[in-house]
Amino acid sequence: MPSRRSVLAATAGLTTGLGLTGTAHADDRRLRALIARMTLEEKVGQVFVSRVYGHSATDPDQADVDANLEELGVRTAAELIARYRVGGIVYFTWAHNTRDPRQIADLSNGLQRAALRQPRGLPVLISTDQEHGIVCRVGRPATLFPGAMAVGAGGSRTDAHTLGRIAGRELRAMGIRQDYSPVADVNVDPANPVIGVRSFGADPEAVAALAAAEIHGYRAAGVAATAKHFPGHGDTAVDSHHGFPVITHTREVWEELDAVPFRAAIAAGVDAIMTAHILVPSLDVPSSRLRSSGGTPTGDPATLSHPVVTGLLREHLGYDGVVVTDALDMAGVRTRYGDDRVPVLALKAGVDQLLNPPRLDVAWNAVLAAVRDGELTEERLEESVLRILRLKARLGLLTDPYTDRAGVGRAVGTRDHLATADRIAERTTTLLANEGRLLPLAPRAHHRILVAGADPASPSGTTGPPTAVLAAALTELGFTATALPTGTAPSDAEVARAVTAAGEADAVVVATYDVTATSPQRTLVARLLATGRPVVAVAIRNPYDAAHLPDVRAHLATYSWTDVELRAAARVIAGTVRPRGTLPVPVRRADDPTRVLYSIGHGLTY
């Protein structure tokens with residue numbers, strides 16, 4: 001680990017000449033002087049945030065070298081930085097960047113060394129998606145918190161702030177200075193395949209309050225929060241990773257629903273806002289016509305729409321911070337234009353950071369050519385570079401870009417942090433139904449418990465499987481619990497095995513996952529109910545499962561299947577804690593979606 005003295009020596013060419021030493025905040029005059037020293041290629045590089053494979057900046061595994069050569073044309077992260085002078089690197093689990101906290105810290109320091117070795121070298125801004133819940137790139141032993149909808153069920157701004165503060169402290173200890181969180185989308189479509197439980201809920205004011213609290217927490221930890229996905233991705237049945245969603249909200253509906261959390265995020269001082277690859281025709285009109293829902297839309301996704309990014313976000317909402325695209329390898333932004341046009345159009349729309357283009361060489365050269373040909377002015381490019389450098393300065397990167405490897409163990413996954421996550425989770429578990437006061441179960445009356453149901457893959461690759469976690473937690477609480485995973489689409493044979501096992505149990509806990517009208521999980525639950533054993537259903541993702549299982553007497557919602565939420569559910573089942581969560585979204589009847597089965601705020605207790 002470099003000493004502070006060596007850090008300052010390495011950045012002396014940057015900080016001494018600009019008078020930045022000793023302060024994390026530089027004024028624009030000094031930053032503009034820095035930009036004036038940069039070549040055009042270096043300016044272009046600053047607006048890119050790229051993936052790169054490997055656990056090390058200079059010595060990745062051979063498989064990661066091969067992946068880098070195939071996708072990026074370089075062998076290592078250090079080579080990528082030297083070739084393209086990228087302003088940021090984004091970490092992914094699947095890119096093998098996040099094996100464990102100390103390795104992550106070493107990778108982060110290696111990236112910074114590679115960046116600062118370059119002529120006029122600038123630190124890179126390292127980012128990741130650590131939303132918690134169902135989207136986590138950094139797994140155990142780091143602290144994993146409940147996801148956004150679970151936090152929405154808890155309804156505590158204090159908990160949201162605490163989550164941001166602790167999560168931010170742990171990320172910063174590993175050298176990650178920007179988190180693509182919180183999700184500021186208002187989830188009003190139960191069928192939303194991409195947001196769902198990643199949202200705090202369906203009430204715009206509640207989403208706004210919790211998002212703002214989490215932003216304050218991240219900022220207190222010295223990490224940049226990123227509100228996403230502007231102008232609002234909560235009312236779509238299409239996943240923008242795989243298609244091009246169109247949202248038909250009027251301008252008035254947008255102002256009352258989708259805009260509310262983003263206004264709150266801006267008021268909270270959010271460092272960055274991420275755009276969505278969606279089309280909202282009522283917003284995608286020239287800025288002179290923004291006051292109405294009329295006009296002819298450009299048909300471009302919000303990421304590429306000047307009326308949305310510049311007209312709406314910058315001019316109408318008054319936001320002058322960093323705007324980052326959602327990942328540019330997603331289908332939603334690639335349906336109308338080639339990979340050479342998308343980054344240029346995004347910058348022309350008003351975006352600052354171009355996240356994870358599928359072909360960095362194509363995107364980088366396209367932006368360079370657009371400036372040289374006059375389609376994109378160098379002045380416009382410098383506006384984005386200035387915003388990015390402002391953020392790097394605020395985060396302290398321009399004076400101290402490294403992290404202390406020795407301090408990782410004192411900050412990441414500490415006993416206090418893990419206990420705090422457990423306490424927050426206990427306030428989120430929601431009891432939807434409890435006919436005949438079936439819950440809580442008692443070890444004497446229901447000593448033998450079968451835990452059956454879905455075992456979806458761990459979001460971080462370090463938790464679960466859910467049935468085993470629930471069984472272990474219940475056993476620790478005095479029961480004898482046995483796990484029998486049956487999957488999200490149990491076969492007749494799997495259902496039969498579960499029914500046979502239920503015959504040997506005193507009670508059954510069944511984990512459900514995204515139940516639909518035609519889901520085989522309904523058959524599983526019906527057959528388990530027919531055994532006459534008490535059955536407790538635990539919706540481990542969407543609370544909407546309850547609408548498709550009306551005969552279940554006791555129903556819990558955890559909003560995610562990570563260990564911290566499942567352990568909390570086990571404590572609720574056992575009665576060692578009482579359920580305190582309330583629904584942050586309405587659950588509509590499956591047979592008549594116009595009618596509400598459980599309203600926002602519903603939640604039983606003991």
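Predicted model: local features only at pLDDT ≥ 70, side-chain atom pairs only at ≥ 80, totals over all residues.
Where is Pro 465 found? I went to the loop between strand E12 (448-453) and helix H19 (466-476), and there it was.

**Entry: cis peptide bonds**

I looked up the bond that joins Gly 464 and Pro 465, and it is cis, with omega about 0°. My next stop was the peptide bond from Ser 181 to Pro 182. That bond is cis too, and I wrote down an omega near 10°. For Pro 182 I noted a place in the loop between strand E6 (178-179) and helix H10 (204-220).

**Entry: positive phi**

Next I turned to backbone phi.

I checked Asp 514 and got a positive phi, near 55°. Asp 514 sits in the loop between strand E14 (507-512) and helix H21 (520-530).

Then I checked Tyr 559, where phi is also positive, near 75°. I placed Tyr 559 in the loop between strand E16 (554-557) and helix H22 (563-574).

**Entry: accessibility of these two**

Is Tyr 559 buried or exposed? I found a relative accessible area of 1%, so Tyr 559 counts as buried, the cut-off being under 20%.

How does Asp 514 come out, by relative accessible area? I read 29% for Asp 514, so I logged this residue as partly exposed.

Definitions and conventions
Residues numbered from 1 in each chain as written. Heavy atoms only, no water. Helix = DSSP H or I, 4+ residues; strand = E, 2+ residues; numbered from the N terminus. Buried < 20%, exposed > 50% of the residue type's maximum accessible area, 1.4 Å probe, protein only.
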